[in-house]
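Please open the model in a viewer and keep the selection panel at hand.

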Amino acid sequence: MRFRPFSCFASAALSIGLLASSVQAQTFPPQKSISLVVGFAAGGAADAAARMIAKKLGDNIGQTVVVQNKAGAGGILAHQQVANADNDGSVLLLGSVGPMTISPHLMKVPYDPFKDLAPLSGGVHFPNVLVVHKGIGAKTLSEFIELAKSEPGLIDFASSGSGSASHLAGELLNQRAGVEMVHVPYRGGGQALQDLIGERVASYFAAPPTAAPHIKVGTLIPLATTGLERSADMPTIPTVAEAGYPGFIALNWYAFLGPGTMPEDIQERWNQELVKVLNDPEIRQSLLDYGLTPQPTSRAELTQFMEQKSAQWRKTIQERGLKGE
């Protein structure tokens, strides 16, 4: 009987070892801590959505999913972190409209949103609501626009940061209404809202969950919401489109992404798990109760959605001649 040289056995063993390592590297779920990175501080709409979804996601896969708040630069730091993270499926991102489809047209960002991040599934979306403080004297959008036209350059609007959804909603209204409200960027929505309540700024396109308590007690006056249809949790408030600007839409949204080098099979597994959670009746109702509409999608549908939104905001930014602040 002829024996194979030792080198052949060693080569075969090495091949088997490499194959085993490859299989182990793509085990789902990853046999390590799983992080869901959020680009905003705790307490806001993004953080609330992430925590609702992460708990159920962890229960379903039998592994804890830890929400990691990585605030800074309007969410850009969180997107950069995930773009450079391990690609084994252990790091996910709750990406947002600003860093994905607005900021790349305003400034140089340290990642390519369509190459360095892999789309997994849509997350949630919601319209913002344009609110003003009581001292401004306007009770409708038309009254507010007339005020802005009568005092050009004196009426301002707050935002949660340059390149945020609230920033571009204000710029889109400037464009559509033919006014020149002055943009006042803040480092977060909480600070912007507090300065609006304190009457240090005139207006703000706020997230409904954070504005609702102040609207209820009359501290803030709601003028319009930014979706094409009225918000289910604010049904008496007209949309900007209804109030005289047909086709106006400026939705705020969050979506799930991973590192761009994440293997496709792991991307697909995460898509399946995320869609399952977003379609769960209890989770869906909890999100709706908070004013957030679940938006589960395929990976391809999310890519198409992001491309459409990127083109929309690129056009607005170019026409307005906007630059990063």
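The stops below each give a selection and a description of what is found there.

**Conventions**

This is a predicted model, in which local features need pLDDT of at least 70 and side-chain atom pairs count only at pLDDT 80 or more, while totals for chains, interfaces and linings use all residues. Residues are numbered from 1 along each chain as its sequence is written, and side-chain values use heavy atoms, with hydrogens and water left out.

**Whole chain**

Select the protein chain and colour by secondary structure: 11 helices and 11 strands are present. Helices (H or I, at least four residues) and strands (E, at least two) are DSSP runs, numbered from the N terminus. Along the principal axes, the C-alpha atoms fill a box of roughly 100 × 40 × 30 Å. The chain has 325 residues, of which 51% count as buried; buried means under 20% relative accessible area, exposed over 50%, and partly exposed in between (1.4 Å probe, protein chains only). Among contacts with a separation of 6 or more, 77% are between residues 24 or more positions apart, where contact means heavy atoms within 4.5 Å.

**The sheet of 6 strands**

Select β2, β1, β3, β10, β4 and β11, which form an open sheet in that order with mixed pairing. Two strands pair if DSSP finds at least two bridges between them. The edges are β2 (65–69) and β11 (293–294); each has a single partner strand, so one side of each is left without a neighbour in the sheet.

Next, select residues 34–38 and 91–96, that is, β1 and β3, which run parallel and are joined by 4 bridges. Val37 stands opposite Leu93 in β3. Axes here are lines fitted to C-alpha atoms, for helices over the stretch in contact, and angles run from 0 to 180 degrees between N-to-C directions.

**The sheet of 5 strands**

Select β7, β6, β8, β5 and β9, an open sheet in that order, again with mixed pairing. At its edges stand β7 (182–185) and β9 (220–225), each with a single partner strand, so one side of each is left without a neighbour in the sheet. On average, neighbouring strands of this sheet are turned by 30° against each other, direction ignored.

Within this sheet, β6 (residues 156–159) and β8 (residues 203–206) run parallel and are joined by 2 bridges; Phe157 has Ser203 in β8 as its bridge partner. By contrast, β5 and β9 pair in the antiparallel sense over 5 bridges, with Ala224 of β9 as the bridge partner of Leu130. Of the 6 residues of β9, 5 are buried. Helix α7 (residues 189–197) lies across β5 (129–133), β6, β8 and β9, at about 140° to β8.

**The nonpolar cores**

A nonpolar core is a set of buried Ala, Val, Leu, Ile, Met, Phe, Trp, Tyr and Cys residues joined through side-chain atoms within 4.5 Å. Select Leu117, Ile136, Leu141, Phe144, Ile155, Leu173 and Met181, which have the most contacts inside the largest core, one of 52 residues. Helix α6 (residues 165–177) supplies the largest share of this core, 6 residues. Apart from this core lies another, of 31 residues, including Phe28, Ile53, Ala54 and Trp270.

Which residues surround Leu141, leaving aside its neighbours within four places in sequence? Leu141 is in contact with Leu130, Leu173, Leu223, Ala224, Val240, Ala243 and Tyr245.

**Helices α4 and α11**

Select residues 97–106 and 299–320: helices α4 and α11 pack at an angle of about 40°, with their axes 9 Å apart. The contact is made by Val97, Met100, Thr101, Ile102, His105 and Leu106 of α4 and Met306, Lys309, Ser310, Trp313, Arg314 and Ile317 of α11.

Centre on Arg314, which is partly exposed, with a relative accessible area of 36%. The C-alpha atoms of Arg314 and Leu106 are separated by 8.5 Å, although these residues are 208 apart along the chain.

**Backbone details**

Finally, select Phe28 and Pro29, joined by a cis peptide bond with omega of about -5°. Pro29 lies in the loop between α1 (6–25) and β1. In the loop between β2 and α3 (76–83) lies Ala73, whose phi is near 55°, a positive value in a residue other than glycine. Glu199, in the loop between α7 and β8, also has a positive phi, near 60°, and counts as partly exposed at 44% relative accessibility.
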